[in-house]
Amino acid sequence: MNANHHESSGPSRTQRITLRGPAELADALPFVLGFHPTDSVVLVALHGEHGRFGGRVRLGIPRSPREWASTADHLAECLVEGGSRSGARPDGIVVFLCQDPAPGETGRSVMERLRPFAQRLRTACGALDIPVYEALCITDGLYFSYCCPDQRCCPPDGTPLALTGTSVMAAAAAYAGVQVRGSLRDMEARLKPRGGPADEEQRAALDAAAASIVPRILEGAEGTGREEVREGTLRLAREVLRRFVNPKSPESPGSQEGVRGQALAGGRATPVGLVAPGRSAGSTAADDVADDALITTDEAAALVLGLQDRVTRDRAAEWMEGWEGTAALRLWRVLARRCVTPYEEHAAAPLTLAGWTAWSTGDEPSARVALGLALDADPEYVFARLLHQACNEGLDPESLRSCLRSERDARTASEQEAPPPSRRVRMRAGRRPGTPLTLRKPGRQAGGSERRATAGVRPGGPATGRPASGTPRAGGRRGSRSGR
């Protein structure tokens, strides 16, 4: 079989890699996804007589076997429909079931426990007239084949996976500059609250921020309460972005920046320390802890609540490239980790921004993980749904970047032209207000039926419609959240 991948998730399209047998298929999976899947079911489409790799879908393995049938049908339909929309219906499918053994469980018992799920996936694909060429269970450092009857190559007790970095796929990926970012569990942990004594302090700050900010968003007239919160949130976020580039002395969180967070949230600033200057962004837990230390609990609460406003969120999405994109991705991760119980739903906004920024900067695997968690937090979060679909279908983020740049430039020009005493904001948009932004595949123009097939994304902002369109809706367990 031939594996051809986009540069962000695998070897280049011009490089052909031949995979022979289940062992090399199992070894290739992390390079196809960009990370080691944990507790996941993955379906990969195959095209042509040589089995060229195409689209793929991934989902957590349902805990209850009663959900396996519906999950299998849904995954098969998603993969086939996604390929059909792009004009490449799969000719075959490879199934992967990845799960670590529970305490006291062996790899073989995991394989046998998941066998009915594997069989249901095969029949779901067969019902769509697409054969499953291979179904593998990867667990405990072993792989098992549900399709190969030859015990010489696929013994019943499993076959050890290849040593890391020794396969042809690993060599090709290293040559292409492709990196595997660790396990899915580790990637998700960077975007979830860690738990512990600090959660109670953050929860109290979120309660105070909700009591202060939400009424001003809901009850204040446009240009007063809501607009003040919007501008205050963006101003505070810009100040925090600069800290990731130029960390200051340890007393700075309690000084002017902390006071601004206190003023916005109506709470007391809580210094939590800083890291040494010059620290670069990394992927370790220590780096995330250091990033957490750059933001006080009150500042984080003010930003989390402020980002529930759709217009504020969409203007924050403009920090998507260069040093701003790097710093913003770290900020959104911090804010997602601060959405402690019972504010889990509020994480949808920072998680969506993290997914968008990662996708915009070329990190598709991290984008898919963040957007998937955003949809776990709020399945109806429209911006996350559209971005997730666009990212999975291989659309080009440049079309959305271009729209966001145009709106930012138009807003800046309008603010510069406005008379200083006036608070009125006049927009000269590059498109008609209310016209949805579209994401297009590279090198193709959206038009006719193709336009309807693309993911329409409509960031907010003054150019997209009436100001009232960003009004948060009432609801949620503590505080209120905006329209998506």
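Colleague: What pLDDT does the protein average, and what share of the residues score at least 70?

Modeller: The average pLDDT (the predictor's confidence in each residue, from 0 to 100) is 77, and 70% of the residues score at least 70. This is a predicted model, where local features need pLDDT of at least 70, side-chain atom pairs count only at pLDDT 80 or more, and totals for chains, interfaces and linings use all residues. Residues are numbered from 1 along each chain as its sequence is written, and side-chain values use heavy atoms, with hydrogens and water left out.

Colleague: Where is the pLDDT below 50?

Modeller: Residues 249–263 are one such stretch, with 29 contacts in the model beyond near neighbours in sequence. A contact means heavy atoms within 4.5 Å. Residues 440–480 also stay under 50, and there the model has 97 contacts beyond four places in sequence.

Colleague: How many helices and strands are there?

Modeller: The protein has 17 helices and ten strands. Both are DSSP runs numbered from the N terminus: helices are H or I with at least four residues, strands are E with at least two.

Colleague: And how much of the protein counts as buried?

Modeller: Of the 484 residues, 52% count as buried. Buried means under 20% relative accessible area, exposed over 50%, and partly exposed in between, using a 1.4 Å probe and protein chains only.

Colleague: What share of the contacts join residues at least 24 apart?

Modeller: 69%, among contacts between residues at least 6 apart in sequence.

Colleague: Sheets next. What is the strand order in the open sheet?

Modeller: Six strands run in the order β2-β1-β3-β4-β5-β6, with mixed pairing. β2 (52–60) and β6 (159–160) are the edge strands, each pairing on one side only. Two strands pair if DSSP finds at least two bridges between them.

Colleague: Which way do β3 and β4 pair, parallel or antiparallel?

Modeller: Strand β3 (residues 92–98) and β4 are parallel, over six bridges. L97 has C137 in β4 as its bridge partner. Between these strands the chain passes through α3, and the β-α-β crossover is right-handed. Right-handed here means that, with the strands pointing away from the viewer, the path from the first strand over the helix to the second runs clockwise.

Colleague: What about the pairing of β4 and β5?

Modeller: β4 pairs with strand β5 (residues 142–145) in the antiparallel sense, over four bridges. L136 has S145 as its bridge partner in β5, and I138 stands opposite Y143. The hairpin has two residues between the strands, and D140 takes a positive phi near 55 degrees.

Colleague: How many residues of β4 are buried?

Modeller: Seven of the eight residues in β4 (residues 132–139) are buried.

Colleague: Switching to aromatics. How many pairs does the count come to?

Modeller: Three aromatic pairs. The rule takes rings of Phe, Tyr and Trp (its six-membered ring) with centres within 6.5 Å; planes under 30 degrees apart count as stacked, over 60 as edge-to-face and the rest as tilted.

Colleague: Why is the pair of W68 and F117 stacked?

Modeller: The ring centres of W68 and F117 are 5.2 Å apart and the planes are at 20 degrees, so the pair is stacked. W68 sits in helix α2 (residues 68–85) and F117 in helix α3 (residues 107–127), 49 residues apart, so the pair links distant parts of the chain. W68 is buried at a relative accessible area of 8%, and F117 is buried at 0%.

Colleague: And how are W356 and W359 arranged?

Modeller: W356 and W359 are edge-to-face, 6.0 Å centre to centre with 80 degrees between the planes. Both lie in helix α13 (residues 348–360), three residues apart, about one turn of the helix. W356 and W359 are both buried, and 13 of the 13 residues of α13 are buried.

Colleague: What span should α13 have?

Modeller: At 1.5 Å a residue, its 13 residues should span 18 Å, and the end C-alpha atoms are 18 Å apart, which agrees. The expected span is 1.5 Å times one less than the number of residues. G362, which follows α13, has a positive phi near 95 degrees.

Colleague: Last one: is P379 buried or exposed?

Modeller: P379 is exposed, at 52% relative accessibility. P379 is in the loop between α14 (364–377) and α15 (382–392). Its C-alpha atom is separated by 9.0 Å from that of A348, 31 residues apart along the chain.
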